[in-house]
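Dear colleague,

I am handing over the structure below, together with notes on what I found in it. Please read the notes with the model open beside them.

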2 protein chains.
Amino acid sequence: MSLPRIAIDAMGGDEGVRVMIDGAALARRRHDRFKFLLVGDETRIKSALESHPNLRASSEILHTEGVISGEEKPSQALRRAKGTSMGKAIEAVKLGHAGAAVSAGNTGALMAIAKLSLRTMPGIDRPALAALLPTLGDNDVVMLDLGANTECDSRNLVQFAVMGAAYARVATGREQPRVRLLNIGSEEIKGTDEVRDAVAILRGAASDLSMSFDGFTEADKICRGEVDVVVTDGFSGNVALKAVEGTARFVADLLKRGFSSSLRSKIGFLISRPATELLKHHLDPNNHNGAVFLGLNGIVVKSHGSANAAGVANAVAVTARLLEENVTERITADLARLGGSTLRMPRVQEESA
Amino acid sequence: MSLPRIAIDAMGGDEGVRVMIDGAALARRRHDRFKFLLVGDETRIKSALESHPNLRASSEILHTEGVISGEEKPSQALRRAKGTSMGKAIEAVKLGHAGAAVSAGNTGALMAIAKLSLRTMPGIDRPALAALLPTLGDNDVVMLDLGANTECDSRNLVQFAVMGAAYARVATGREQPRVRLLNIGSEEIKGTDEVRDAVAILRGAASDLSMSFDGFTEADKICRGEVDVVVTDGFSGNVALKAVEGTARFVADLLKRGFSSSLRSKIGFLISRPATELLKHHLDPNNHNGAVFLGLNGIVVKSHGSANAAGVANAVAVTARLLEENVTERITADLARLGGSTLRMPRVQEESA
């Protein structure tokens, strides 16, 4: 079975065209079935392709002049999307010329353009941004939403749980991913009305869902490897994600400071290098690169703006796995299984409020 | 000048009476002006005091039978507070028999009892829980609220900023602490209405406040040492705090795993031990123990349930500093300087909504 093509916005990201093309080439070297639509400035793409004849052979170039900048507001980006590499990459998904799009550009703009062009899936009110984080366990953990929706009701959170579970099945291989809602205590009385309503709905529907749902988790447990999906609103999710990233960097900086504080420590550092390299590898954001917009009629993956070629290759590999496993269809099937009655609950509450 | 007494709830915490008494003794050894009111089971307190004659000489014991358990709901704890060590320690502050209370017991119960007994300060709508976190800079950072209020309006956030700044002046010695609001982006268009309104009010009042206010910060910057106070609602604050704690432990666990992965790494670990000890010391929660309930008519400090004697001593030292520096009066003065007009703003919005 041949895989649908992957559209690459070659112009996004801080590192320029070359890192996107190098990344695509690296991903293709590992999985030679991948085919690409490279969107952006034709001259620069061709120049970057010179060192990658195999990628060149399995790619088509779609020339565009415009580029969405990192500072552009989503509303402004929406207006000029048509003539830009980001807009064209997403349009290719909409028209069926590609199965998915990958961009390292402006996240807000990408989200806005993808939402307007691809529209949300039937049964989903709002798409969410999901990413993989490292854990002490055997697999990464999926966390969502990471900032697409600053405020969420219980209905949104339940839909995020379904989408997160579908993604985790692809990412971890577990048929019944362990799903939890993020809260500020594990008791059911804690937290906002939204999380308490969501936990009640998910508990009620648990037997129909392809997930193992077990209530709340707290932010200190995200990376313990005991959970496969952490569900939360976009504000808390963004705070948690950045706190994890910032603290990992903080501890690494402290360690660096410690290791360079004396000759003895420097020598110890050189000897124990394999240990610290292991840590570095485990925490390197490039190894977890590729955040996914879930809930749209099509797959859109955000590569980190500062990712290197290995990071871009990871984002492309994530995209390919989502295509191979038909994640969008899996979400549709799960939503159907959830049934209308359970999901309508919070809406009734809203009306009576 | 003699310092008011500090009431110690000797029965709270996972580690029992002895760790609270050992901690108080340790704090007293460093600062011999401290005087204590030790509240709890007299027999067990006396037994723990046997090895601390100096502490015994500067303490009075207030016998109580009841103890609030860790699992007790705040509503239930409130009803039986009168006969418990936690309730009596707080009552001592209310009656002026002590200047402050320290407890390692149930946080929710402590908050509820303290709020009902001491009442919020004039000008403060809701008290907040604040703690110190380690940074790469010269001083710790104050973060609040950490879970006392799951949902906050802009008026609450502005008051938290004023209280956090007063605490940071005591904790860091800076006359104009650098205050920021936690958000999911640094641009003023990001985030919820509450944080955007709060930033507008604080910007408008900046020249009247004893703080250096500079808009938003993100959760990955909390520990960089560039900010002295991070202000947020109790849900996000709790998520951020626990994500920081969990990630620090996660990285330490990974490092331990790396160091024990081979003989070479084990040898390197032994040689570079001073470096890792430095890290351990920096991240040890006992060195940052002592979360403060700000905004009440009296000082109440929460020691971590699992803190050791050194941790309890830190919480006692924090309490003493807050007493010495009259933090409650400083907050009153700052609120007065803020003026009624600015703080009334969000209330007007609420009425028109």
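Predicted model: local features only at pLDDT ≥ 70, side-chain atom pairs only at ≥ 80, totals over all residues.

Residues are numbered from 1 along each chain as its sequence is written, chains are lettered from A and ligands numbered from 1 in the order in which they are written, and side-chain values use heavy atoms, with hydrogens and water left out.

In chain A, eleven strands make up an open sheet of mixed pairing, ordered β3-β2-β1-β4-β11-β10-β5-β6-β9-β7-β8; strands here are DSSP runs of E of at least two residues, and helices are runs of H or I of at least four, numbered from the N terminus, and two strands pair if DSSP finds at least two bridges between them. The edge strands, each pairing on one side only, are β3 (59-63) and β8 (212-217) of chain A. Within the sheet, β5 (residues 128-133) and β10 (residues 291-294) of chain A pair in the antiparallel sense over three bridges, with Ala128(A) opposite Leu294(A).

Chain A is divided into domain 1 (1-118) and domain 2 (125-287 + 326-353), with bounds from an automatic or database domain assignment, and the C-alpha centres of these two domains lie 28 Å apart.

Buried means under 20% relative accessible area, exposed over 50%, and partly exposed in between, with a 1.4 Å probe and protein chains only.

Over all chains there are 30 salt bridges, each a side-chain nitrogen of Lys or Arg within 4 Å of a carboxyl oxygen of Asp or Glu. One of them joins Asp253(B) and Arg224(A) at 3.0 Å, N to O, and this pair crosses between chains, from helix α9 (residues 234-259) of chain B to the loop between β8 and β9 (229-231) of chain A; Arg224(A) is partly exposed, at 21% relative accessible area. Another joins Glu72(B) and Arg80(B) at 2.5 Å, N to O, where Glu72(B) is buried at 8% and Arg80(B) is partly exposed at 35%.

With kind regards
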